[in-house]
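Here are my notes for when you next have the model open.

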Amino acid sequence: MAEQRILVRYVGWGGLKNAFVAGATGWQREYARLKDLLTPEEYEAGKRSILDAHYTSPTIITHGIYAALQRFGFPGGKLVEGGMGLGHFWGLLPEELRGRSTYLGVELDPITARIAKLLYPQATIHNRGFQDADLTPGTFDATVGNPPFGSQSIFDPKFKAHSKFSIHNYFLAKQIELLRPGGVAGFVVSRYFLDAQDPGARDFIAKQARFLGAIRLPNNAFKENANTEVVTDLVFFQKLPPGQADPEAADWTGTADYTSAGATWPVNKWIVDHPQNILGEMTKTAHKGLYGKDELTVNPSPTETLPDQLDSAVESLPQNIYQPADDGGRLTKPESVPEPAAAGATDVPDVKV
């Protein structure tokens, strides 16, 4: 147990990229230590992961992803996660769901996968690339995760249509493909999944899943646990029966111009139409981006805590729409929900080990 409490603090290599750079100022000791501790294969695997390995805080998992799935009526079941990292999504599964759930996770990095197996021996963990995972579509009740934030593509011989997307969008599309009709999904994604002017990935997913809503997080949501400031979204879906498509796809697959502080960006139409689900002030950053352009950010609220904001935003999502596996795949229209109401603050639980 003591060793597990140490291991669970590991947050991956994403916030330590300078430790892999020879001669990086102030990182010489860490660079030499990694070279000494890791095998050449482990070192290269860690170096490959620095662009997209950022792990999710307990606040986002519990008050965001799982609070939403429980609002949808998910009672527990077969969960799957690609790019699972340490398995915190399994470790933070609410107690009332744990006894009724199983978990299968896939993780490429060998060190991370080994730690995950030590933390969660009751889970099924595959140390391989998601493209090499032999998983059957339509067999899981729910899928969760924080897909790799990379723009590169990978080839999956069994999911060739999904391979045309970035690794980030490939993970989303494949995990949704693994769901059975009626199953639900909750992901932490780069804002560019929703805001990209090319709607290809969104159109692809809309042909097999209903969009249930999104929550745009402040730029400091990952600062404490992963040493990174990015704008991310929580997005939620429900798998549709074969041959059905999202009847309200036009509400979320397109973008609209959003102007703030004298700058304009393409922003997802659903986000623009639901400002109550933006947890802060969406505006431009104080610095120019890589190509000298203004970048979009979400400044955190100076008065509200992230758990309270998430609790309120989750209340705006559809309720009791999850369909169990024995109902023949029939889906009901989400019931109307009241306007978001302020929720009481709750403590963020420790990662369970």
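Predicted model: local features only at pLDDT ≥ 70, side-chain atom pairs only at ≥ 80, totals over all residues.

1. Residues are numbered from 1 along each chain as its sequence is written, and side-chain values use heavy atoms, with hydrogens and water left out.

2. Some overall figures first. Of the 353 residues in the protein, 54% are buried; buried means under 20% relative accessible area, exposed over 50%, and partly exposed in between, with a 1.4 Å probe and protein chains only. Taking contacts (heavy atoms within 4.5 Å) with a separation of 6 or more, 69% are between residues 24 or more positions apart.

3. Do look at helix α8, residues 167-177. Here 10 of the 11 residues are buried, so the helix is largely enclosed by the rest of the structure. Among the buried residues of α8 are His168, Asn169, Lys174 and Gln175, as well as Phe171 and Leu172. Ser166 sits in the loop between β4 (140-145) and α8 and is buried too, at 18% relative accessibility. Neighbours within four places in sequence aside, Ser166 is in contact with Gly150, Ser151 and Gln152.

4. How do helices α4 and α14 cross? The axes of α4 (residues 58-71) and α14 (residues 306-314) come within 9 Å and cross at roughly 15°. The axes are lines fitted to C-alpha atoms over the stretch in contact, with angles running from 0 to 180 degrees between N-to-C directions. The crossing is right-handed, in that the near helix is turned clockwise from the far one by less than a right angle. The contact is made by residues including Ile60, His63 and Ala67 of α4 and Leu306, Leu310 and Val314 of α14.

5. A salt bridge is a side-chain nitrogen of Lys or Arg within 4 Å of a carboxyl oxygen of Asp or Glu, and by this rule the count comes to eight. One of them joins the side chains of Arg71 and Glu315, at 3.2 Å from N to O. Arg71 lies in helix α4 and Glu315 in the segment after α14, so the pair ties together parts that are 244 residues apart in sequence. Arg71 is buried at 9% relative accessibility, whereas Glu315 is partly exposed at 34%.

6. Arg216 and Asp195 also form a salt bridge, with the closest N and O atoms 3.0 Å apart. This pair links strand β6 (residues 209-216), which holds Arg216, to helix α9 (residues 191-195), which holds Asp195, across 21 residues. Both Arg216 and Asp195 are buried.

7. Finally, Lys269 and Asp273 meet in a salt bridge at 3.0 Å, N to O. The two are four residues apart in helix α13 (residues 269-273), and are therefore separated by about one helical turn. Lys269 is partly exposed at 33% relative accessible area, and Asp273 is partly exposed at 43%.
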